[in-house]
Every structure is written in structure tokens, then in C-alpha cells.
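Trainee: I have a structure open and would like to go through it piece by piece. Can we start with how helices cross?

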Amino acid sequence: MAAITTYPFVRHLRGSATSYVTHLVSGRARHAGVGGSFWFLPLTAVLSEVPVDDRELPVVVTGRTSDLQLATVNATIGYRFTDPEVAATRLDFGICPRTGEWTATPLEQVATLIADTASGHAIDAIAGMTLDVALRSGGGAIRDAMARGLRGDPRLTEMGITVLSTRLALVRPTPDMEKALATPAREAVQQEADRATYERRALAVEREAAIGENELANEIELSRRREELLAQEGANARRQALDLAEAERIANDAAAERRVRLAEADATATRVVGEAEAQTQRALLTAYADAPQHVVTGLALRDLAAHLPEIGQLVVTPDMLASLVSRLGVAR
């Protein structure tokens, strides 16, 4: 928007780099151009300002498809006033000489014209296709139809307006139809999620079963090893008992053999001693046989005295002496 400065009896306008300003006095142009700056008299000046920058207009179009379904198109149309002098003569771009604001609504008029033109071509394109085609691949056809229609519209050309671009953002059905169309996809996604859940659960069950089988196999292996350990311990105990029994047998055999040998030695010693004693006795008997009777009697008394208990006192009576003497005499 142009900036207007007020002075006594005169005013000054300073335009912008994106606005084409025209200053008319008595139907003749005094100033015209982009980014102009000039003085003017408010009572005689006719001012207009046409924007020359690129502008974009959002358009929403609702049409009925060939299968009698409603489809909504969201589009954005880019345009520009390429001939601002012509646009100023076809539309009211006049500005107030005091504030610099438009006295009418030219941009709204242009937006209505472009929107109506684009909507007509979009509705025609939508009517020639089904809802499924419009949703899946109809965006390009609708956009091309709108672009051709806008660029070929003579009214826009006569107003100095050039359509720069036509962009289609979205084609969508009514909320109920969109929900109905999304149901199969949603169900398919839900089924896929359920399948993934079931597979995960099945995998978890399978893993749990594998873990259980592994634990059972471990228990069986542990039991088998425990059985082998018990068998080995029993075999070791039997071997140890056999070894002990064999050791005891060997010890007993050795002791018995030692006792037999000791007995044989004792018997041999006894026999040798007996034979020696027998020989001694035979020698004594032989000696005694040749000895006189009184000598033998004396020896017998000596031996008897050696084996008798100790006698403290011995009383010898005459009778005993007489008897002894008589015996000694008889023996002689």
C-alpha cells in the first residue's frame, strides 16, 4: 500500500516496489509506474494502485462424480497482474488520496472471478470420473483442466491477469464416504496387526515350549548323570569293599601263616627241647643206673628239697632218726 504524507494544500505519495501507481489529472496521466514517488493536489488527483507481485488464491471446489458421489478438491492458484494499466481500467483500484487505502475491493472481485472459473472447470473434470478414479489418480486430470481453463479464459486476459500456477493439494470425499472407504484399509491393517500379534504369541508359545523341552532335557540329562554318579559311587564302594576284603584276607592269610610258622617253630623248639631233655634224662638215668642206691636217694632228696616249700623249723625226733637209720641200713 502506498504511503501518503499530508502537507498544507499538497500531499506526497511514496509507492512500493510491488505496486503500480497511476496519477491522473483531468483524465491524463501525470505519473505512472512501479515504485513511484510524487507530489499531488488531493482535489484534482485520481490515484490508483495495482499490485504487481505474485499472489496465491486458495480454492475449494466440491463436485459430484459420475457415480453420484461428492468429492472436494483443495487447490491453490497463483496469478499476477502482468498489465496493471489495463487492470486499472477494468477494475476499481482507486485509492483514497488521504489514507492510501483502496476505495473498493478489487482483489476480492479478482478472487471471485478466478475461483468461479476454476470451480467450473474442476466440476466438469470431476463429473467425468468415478469417485474411486478421482481419489486414486484424478488429481492430475483435475489440475490440468483447471489450468487450461484459467489460462484460456478471455476475461482474465482482458483484465491483464496471468495465471502462473495451479496446484492441487487434496481430493477427498465426504466424511462418511471417506470413513467407509478407509474401513477396508483399516481392517486390513488391523488384520495385519492381529496376525503379527498372533504370530508373536505363537512364537512366544513356541519359545516357551522349546524352553520347557530344554529344561526337561536338562533334567533328564541331570538325572542320567546322577544315576551314572550313583552307579560309579556304588562301583567304587564295591571296589573299595573288595579291596578291603582282599587286604583283610591277605592280612589274615599272613597272620595265619605267621601263626602256623610260629607254631611250627614252637613245635620244633619244643621238640628239640624235649629231645634235649629226653637225652638229658636218658643220660641221667644211665648215670643213676650205675650209681649206688644211697647216692640216688641223696639226689632224690636234694631234688625234693628244691621243690618243697620253705620250711621255717624242722623238728627231728629220735623215732624219725631211728626209722631213717633203719631204712638206710636196709638200703645198704
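Mentor: First, a term: a crossing is right-handed if the near helix is turned clockwise from the far one by less than a right angle, and left-handed if anticlockwise. Also keep in mind that this is a predicted model.

Trainee: OK. Which hand is the crossing of helix 2 and helix 4?

Mentor: Right-handed.

Trainee: And at what angle do helix 2 and helix 4 pack?

Mentor: About 140°, and their axes are 8 Å apart. Helix 4 covers residues 139-151.

Trainee: Is that oblique or roughly antiparallel?

Mentor: Oblique, because an angle has to be over 145 degrees to count as roughly antiparallel.

Trainee: Which residues meet there?

Mentor: On the helix 2 side they are Ile114, Thr117, Ala118, His121, Ala122, Ala125 and Ile126. On the helix 4 side they are Ile142, Ala145, Met146, Gly149 and Leu150. Nine of the residues in this contact are nonpolar, three are polar and none is charged.

Trainee: New topic: rings. How many aromatic pairs are there?

Mentor: Five, from a search of the whole structure. In one of them, Phe81 and Phe93 have ring centres 5.4 Å apart and planes at 85°.

Trainee: Why is that one edge-to-face?

Mentor: Planes over 60 degrees apart count as edge-to-face, so the 85° between Phe81 and Phe93 puts the pair in that class.

Trainee: Where do the two sit in the chain?

Mentor: Phe81 is in strand 8, residues 70-81, while Phe93 is in the loop between helix 1 (84-90) and helix 2 (106-127). The pair therefore ties together parts that are twelve residues apart in sequence.

Trainee: Buried or exposed?

Mentor: Phe81 is buried, at 2% relative accessibility, and Phe93 is buried too, at 1%.

Trainee: Which residues make up the ring cluster?

Mentor: Tyr79, Phe81, Phe93 and Trp102, linked by ring pairs.

Trainee: What about Ser48, what is in contact with it?

Mentor: Leaving aside neighbours within four places in sequence, Ser48 contacts Tyr20, Val21, Thr22, Ala88, Phe93, Gly94 and Ile95. Ser48 lies in strand 6, residues 45-51, and counts as buried at 12% relative accessibility.

Trainee: And Ser37, where is that?

Mentor: In strand 5, residues 37-40. Ser37 is partly exposed, with a relative accessible area of 46%. With neighbours within four places in sequence set aside, Ser37 is in contact with His12, Leu13 and Arg14.

Trainee: How far is Ser37 from Val21?

Mentor: 9.1 Å from C-alpha to C-alpha, and 16 residues in sequence.

How values were computed: Residues numbered from 1 in each chain as written. Predicted model: local features only at pLDDT ≥ 70, side-chain atom pairs only at ≥ 80, totals over all residues. Heavy atoms only, no water. Phe/Tyr/Trp six-rings, centres within 6.5 Å; stacked < 30°, edge-to-face > 60°. Helix = DSSP H or I, 4+ residues; strand = E, 2+ residues; numbered from the N terminus. Buried < 20%, exposed > 50% of the residue type's maximum accessible area, 1.4 Å probe, protein only. Axes fitted to C-alpha atoms, helices over the stretch in contact; angles between N-to-C directions. Parallel < 35°, antiparallel > 145°, perpendicular 65-115°, else oblique. Contact = heavy atoms within 4.5 Å. Nonpolar A, V, L, I, M, F, W, Y, C, P; charged D, E, K, R; others polar.
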